[in-house]
Amino acid sequence: MAMESQPVVLTASFRDSPQTVRMLCYGRSSFDHTWLQRRRDDLEVCVAYMHEHSVACVLVEPLDSGLTPRQRSRLAELFPAARAA
């Protein structure tokens, strides 16, 4: 399966929430892209998939100003490198 060399922005939301997060995704296949687009309504499912399938991803700034403290805390857990920056 061919991997795309250019990053793509994935906009995903927290389950049952209007707040969204944008991520740059690298090294994904066309299958990965389609799978992620179909499930972008659940950020945690997308991040789990990317980790499991070695699809590199980083958060895109600025973050949605409407994110709750709990959502921001969860993002810090999902993207520990972002917290260290």
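This is a predicted model: local features need pLDDT of at least 70, side-chain atom pairs count only at pLDDT 80 or more; totals for chains, interfaces and linings use all residues.
By residue class, the contact of H2 with H3 comprises four nonpolar, one polar and two charged residues. Helix H2 covers residues 43-52 and helix H3 covers residues 69-78. The two helices pack at an angle of about 5°, and their axes lie 12 Å apart. Because angles under 35 degrees count as roughly parallel, H2 and H3 are described as roughly parallel to each other.

The strands of the model were examined next. An open sheet of three strands is present, with the order E1-E2-E3 and antiparallel pairing. Strand E1 (8-13) and strand E3 (56-59) stand at the edges of this sheet, each with a single partner strand, so one side of each is left without a neighbour in the sheet. On average, and with direction ignored, neighbouring strands of the sheet are turned by 35° against each other. In general, the strands of a sheet pair through backbone hydrogen bonds, in either a parallel or an antiparallel manner.

The pairing can be described strand by strand. E1 and E2 run antiparallel and are joined by six bridges; within this pairing, Val8 has Cys25 in E2 as its bridge partner. Strand E2, which comprises residues 20-26, is joined to E3 by four bridges, and this pair also runs antiparallel. Here the bridge partner of Met23 is Leu59 in E3.

Two backbone features were identified in the loops. E1 and E2 form a hairpin with six residues between them. Asp16 is found in the loop between these two strands, E1 and E2, and its phi is near 60°, a positive value in a residue other than glycine. Pro62 lies in the loop between E3 and H3.

A search of the whole structure finds one cavity of 30 Å³ or more. The largest cavity has a volume of about 30 Å³, and its lining is formed by Val8, Leu10, Cys25, Arg28, His33, Leu36 and Gln37. The elements that give two or more residues to this lining are E1 and helix H1 (30-38). Of the contributing elements, H1 gives the most to the lining of the largest cavity, with three residues. In terms of class, the lining residues divide into four nonpolar, two polar and one charged. Val8 and Cys25, which are among the residues that line the largest cavity, are also bridge partners, with Cys25 located in E2.

Technical notes
Residues are numbered from 1 along each chain as its sequence is written. Side-chain values use heavy atoms; hydrogens and water are left out. Two strands pair if DSSP finds at least two bridges between them. Axes are lines fitted to C-alpha atoms, for helices over the stretch in contact, and angles run from 0 to 180 degrees between N-to-C directions. On a 1 Å grid over the protein atoms alone, a cavity is a set of points where a 1.4 Å probe fits but cannot get out, and a pocket is an open set with protein on both sides within 12 Å along at least five of seven lines; lining residues have an atom within 4 Å of a point. Grid points are joined across faces, edges and corners, and a volume is the space filled by probe spheres set on the points. Ala, Val, Leu, Ile, Met, Phe, Trp, Tyr, Cys and Pro count as nonpolar, Asp, Glu, Lys and Arg as charged, and the others, Gly among them, as polar. Angles under 35 degrees count as roughly parallel, over 145 as roughly antiparallel, 65 to 115 as roughly perpendicular and the rest as oblique.
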